[in-house]
Amino acid sequence: MTAVAASPASESSTPRIHVYALLCAVVLVPLANYPDHLVWFDITPKVAALLSMVGFACFTIPSNLLFRATNRKCATLLPVAMIAIAVLSATFSQAPFLSLGGSNWRRLGLPAEVALAVFTILQTESARNEPRYSIWCLRASCVALLISSLAVLFEFEGMAPLLGLRESPNAARPGGVLGSGAAFGCYATAPLFLCVTLWLIDQARLWRRLATIAGILGFAAILVCGTRAAVLAVFLGLLVSLALIKRRSTRLLLGGSLVLVAAAVGLALAYRTPLSQRFEQIRIDPWGGTRLYVWRDSMGLLSSLPPFGYGLESFPRIYPKIQSEQTFLRWPYTSHESAHNYLLDTLLSKGPLGLAIALAFSASAFFAFKKLRRESELPYAFCLAGHMACLTSCMFFAAQVSTLISLYLPVCLLWASPENHN
């Protein structure tokens, strides 16, 4: 990933149509919303944006690029394995309808799972075929974070109706166009670090400034959305960055950390009613609601786990069978649609092989980073940190489609690095 100067020469070639479709997916999936008509957390418009943009990219990508895209090692084998295990999981599902269409909360049925895997293949090949595409992809992620962060901050200020959005039932956890504070917090962690990557490699002053603004507003929005897992993930990502970058760049990281800490302290000291409400909620419920209870109950499903899991999105059907009386009595009005943990949810829905593929996907990001030359490590360090931050936040939630785009995109950029062209 090299710096791109702001010169006419650097913008001389026109990207192919499939590139525009993939860029639109990066922007539209987190932002797609149907204001004031569907329930505030409805995910359907985002899944529709993913399926339409990835489908359009498949129809418009040149055949020679498609052949090369499916003739790679890691960047092809893992996505193909993701498709295969998703098909097997849906075929032998104990809740076939949910495995095809997905639950109301996530809609991560078979079509969405396949589209996400194809998205990773095409994104990687596009960045390999056209080096400038990595810059365009980072810019798209930056724009999506900026707009979604502004929506969260506006909702935090009580301005959601002006945007045509329904306010979250929990005023202390605004989610903007992502629908809930948890959905926004998990999604925003990786784009936050990709803004740093964009700032490092893009020589266009406008985009560097935009990356700075998006990063600051994105972190502020993560704080006000009230998602503790996202805050933890950001600081873990900073630690990963500190471990990966070279000493000469430590000042950059420390300076950014001080800015984030100052923003956090300023928001914490500000007398804002939603923040006060959220602090009170955390004080009353320090362990995150039903999460620990659901994790404990879900372990009972492992003893009879089928080879390919219980099926995509099958959790709402299988969990009531083993839900403990203590969990039910403590949270009688709660609908459990996931295990509230990305890896546990993957294990239950896709079986041990599905979990192994998910872990291999993250491991491949580390191996891709290790192949880099020392002089090109710095921006990719923040790509890897972004992936790890997003994965950390997903340890407390089941990922929605916007979060999975955020989780996969940094790995695609690492796979597409010149040292990983194999």
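Guide: Before we start, helices here are DSSP runs of at least four residues, labelled H or I and numbered from the N terminus. Please also keep in mind that this is a predicted model.

Visitor: Is histidine 340 buried or exposed?

Guide: The relative accessibility of histidine 340 is 18%, and because buried means under 20%, histidine 340 counts as buried.

Visitor: Which other residue has a positive phi although it is not a glycine?

Guide: Glutamate 313 does, with a phi of about 60°, and this residue sits in the loop between α13 (291–298) and α14 (315–318). Glutamate 313 is buried as well, its relative accessible area being 5%. As background, most residues other than glycine have a negative phi.

Visitor: Switching to α16, what does threonine 346 do there?

Guide: Threonine 346 belongs to helix α16, which covers residues 342–370, and it is buried with a relative accessible area of 6%. Its side chain reaches the backbone oxygen of tyrosine 342 at 2.7 Å, while, leaving out residues up to four places away in sequence, threonine 346 touches Gly351, Gly354, Leu355 and Ala358.

Visitor: And what is tyrosine 342 in contact with?

Guide: Setting aside neighbours within four places in sequence, the contacts of tyrosine 342 include Ala358, Leu391, Met395, Phe397 and Leu404. In the largest nonpolar core, which has 108 residues, Phe184 and Tyr342 touch the most other members. Helix α7 (residues 132–156) contributes the most to this core, giving 14 residues. There is also a second, separate core of nine residues, with Val294, Leu301, Phe315 and Tyr319 among them.

Visitor: How do α16 and α18 cross?

Guide: The axes of α16 and helix α18 (residues 401–415) come within 9 Å and cross at roughly 35°, and the crossing is left-handed. On the α16 side, the residues that meet α18 include Tyr342, Phe361 and Phe369, and on the α18 side they include Leu404, Tyr408 and Trp415.

Visitor: Last one: how many residues of α17 are buried?

Guide: In α17, 17 of the 17 residues are buried, so this helix is largely enclosed by the rest of the structure. Helix α17 (residues 377–393) should span 24 Å at 1.5 Å a residue, and its end C-alpha atoms are 24 Å apart, so the two values agree.

Terms used:
Residues numbered from 1 in each chain as written. Predicted model: local features only at pLDDT ≥ 70, side-chain atom pairs only at ≥ 80, totals over all residues. Heavy atoms only, no water. Core = buried A, V, L, I, M, F, W, Y, C linked by side-chain atoms within 4.5 Å. Buried < 20%, exposed > 50% of the residue type's maximum accessible area, 1.4 Å probe, protein only. Helix = DSSP H or I, 4+ residues; strand = E, 2+ residues; numbered from the N terminus. Contact = heavy atoms within 4.5 Å. Expected span 1.5 Å × (residues − 1). Polar contact = N/O pair within 3.5 Å; in protein donor to acceptor, adjacent residues only side chain to side chain. Axes fitted to C-alpha atoms, helices over the stretch in contact; angles between N-to-C directions. Left-handed = near helix turned anticlockwise from the far one by under 90°.
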